[in-house]
Amino acid sequence: MENFYFKSFCTFALVISVLRKSVSSSSLEDGSIAKNGDLILGALFPLYRKDSNGDCTVVNKDGLLWVKALNFALDELKSSKNPWLRNVTFGLYLRDTCSRPALEHSLDILHLNKQSNSLKETSSKKVVAVLTNSNDIDSSTLLSLFRIPQILFSEQIYNENGSFPRHQPYFFESIKTSYYRAKSLVGLIKYFQWKSVSLVVNQRFLKDYLIFKHFAEMEDICLAVVLEHATSDEQDSSTDKNLMHRLGHGFGAVRVVVLFTDDKEMLKVIRGVGARKPSHYIWIDAMGTAESFTQELTRTTETILTLAPEYMFLEELKNHIVQLDCKKEKIEQDDKDGPAVLMDQCDMEVVSSQGVLDQTLKAFATKQSQDTRRRVAHRRAVEVQGIMNSVVKVGHAVSRYMETKCWDKTKEECFEAFSSHHLAEELQILVQKLFQGDSSHDNSENYFLKENMFSLVSIHGNSSGLPSRVVGTWDNKNWYINRAGILWPGKTSGTPDSTCEPTCPLGHIQIAEKGRKCCWSCQPCNYNQYITNTSTCADCVRGYWPSKDFRSCEFKLELAVLSCAGALSSVAAVLYSLVL
């Protein structure tokens, strides 16, 4: 850790030496402070895109949508019933990362905070957190050095294994669909009382798998077989056949397979494994991509359950945008810092943002829409969700700090001592509570969080004679499922079990399989051993033998006599052979 900060400091020193002139001369002339407040939220994302000449002249429609979502979340925070936030105003400091890199904007943020500290202003220009759509290493390192938390609101691809959430003191990810998907998936497995599942994971969905793994281990769900499935370009035929073999010849009693793959990979795996063991597995499409390949999947005659996320907050945001009155919009403007740019073309932004939302909602409503359109729609929905939940969690963190540290202080006295470092500490506590399932976590803190509900869609093969249908709903707490709408493999009436192995018989212990922590095979103890625990045999002393339940040793006279007689007979036989 010390080495990391040393390298970071050296990087910062180099940046300062190169950009000192630009920061001191032009500091804020191309930036904007859209709203003043007691505390300022920073935001670094592109409002424009580059044209064919490399100039930032093309309006980024996604960026405009992010601005609307940000303002909507700030407005909702104003109406919070939390007494600690009732008189707190949150400002906004937005920077366009198309015209200048995020690192330069981060330097401007530090310069802004330095000016605020020197003037001892407890409000107006103190940036306490930065929202961003990309993990820029240089910018993140610089802000972390000055203990300013950054919150990533877009989806990030993970390229290495590890636990989740990542423990970085000043870098956070917003609560998005991945979190709610994992909760609903664990809830589904518990609802059907499946004890063990197998998984097929593509590298692109590694984060979704890590979050699910985190909650599954908390609920003692065994992940029997975890297979990594490469992308189509990287996967050769021999590797693909090996994957099918490992899954098709895994634990026979583990019948549930969770797929963290896209639609094409899912179809390939189901066809390959189904050819070896037809109508044996229950396939769960965790990423909700099966609906775009419904016809192809029904031809496999397999039972497939897919989780379809619902983004109810998009309608809320659309209604908020429609109700905007540009003539009544008033943006605070600082003459020293330059004009505010967020609402320069209010009418155009409202129409553009509304159009983007309409396209997104239409893609979700049309089940047979192109896969690329649905992917874009999901990405936009997740980014909007990430922005709004980032604002909500910052508000909750400020509320926690005020409740614990400022209960006997005025607002001015509280914010004079408040810093971005305190905010990072409170954010870390909130993240830990969310991922630890702390029941003491106040539900009122989640009042404005934009959560996902999920529909459970059952896809049946042609031989079933039943169409695909919605058979369940997840309300972010419980599943409500019509069991009669699901046709299980083999047309069984009851829910199939999914477990590693049945309970070992008497006199047997559990031997864990290599590379697995929760699946086992049964191995008998020796004739003179008893069982100390589920995985250990121990010898009984001479003259003692295992009891009927193999849980202890007991003295058995007839066996002891036979044992002694056998030993004497052996000695006599040896002496007789020596005499002869």
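Author: Rings of Phe, Tyr and Trp (its six-membered ring) pair if their centres lie within 6.5 Å; planes under 30 degrees apart count as stacked, over 60 as edge-to-face and the rest as tilted. By that rule there are 20 aromatic pairs here. This is a predicted model, where local features need pLDDT of at least 70, side-chain atom pairs count only at pLDDT 80 or more, and totals for chains, interfaces and linings use all residues. Residues are numbered from 1 along each chain as its sequence is written, and side-chain values use heavy atoms, leaving out hydrogens and water.

Reader: What makes Tyr 179 and Tyr 180 an edge-to-face pair?

Author: Their centres are 5.2 Å apart and their planes stand at 85°.

Reader: Why is Tyr 179 called buried?

Author: Buried means under 20% relative accessible area, exposed over 50%, partly exposed in between (1.4 Å probe, protein chains only). Tyr 179 has 8%, so it is buried. Tyr 180, at 2%, counts as buried too.

Reader: Why is the pair of Tyr 209 and Phe 260 edge-to-face?

Author: The ring centres are 6.3 Å apart and the planes meet at 70°, so this pair is edge-to-face. Tyr 209 sits in helix 6 and Phe 260 in strand 11 (residues 256–260), 51 residues apart, so the pair links distant parts of the chain. Helices (H or I, at least four residues) and strands (E, at least two) are DSSP runs, numbered from the N terminus. Tyr 209 is buried at 9%, and Phe 260 is buried at 1%.

Reader: Why are helix 5 and helix 6 called oblique?

Author: Angles under 35 degrees count as roughly parallel, over 145 as roughly antiparallel, 65 to 115 as roughly perpendicular and the rest as oblique. Helix 5 (residues 177–191) and helix 6 (residues 206–218) pack at about 45°, with axes 9 Å apart. That angle falls among the rest, so the two helices are oblique. Axes are lines fitted to C-alpha atoms, for helices over the stretch in contact, and angles run from 0 to 180 degrees between N-to-C directions.

Reader: How do you know that helix 6 and helix 14 are oblique?

Author: Their axes come within 10 Å and cross at roughly 60°, with helix 14 spanning residues 420–436. Helix 6 and helix 14 are therefore oblique to each other.

Reader: Which residues form one aromatic cluster?

Author: Tyr 179, Tyr 180, Phe 215 and Phe 435 do.
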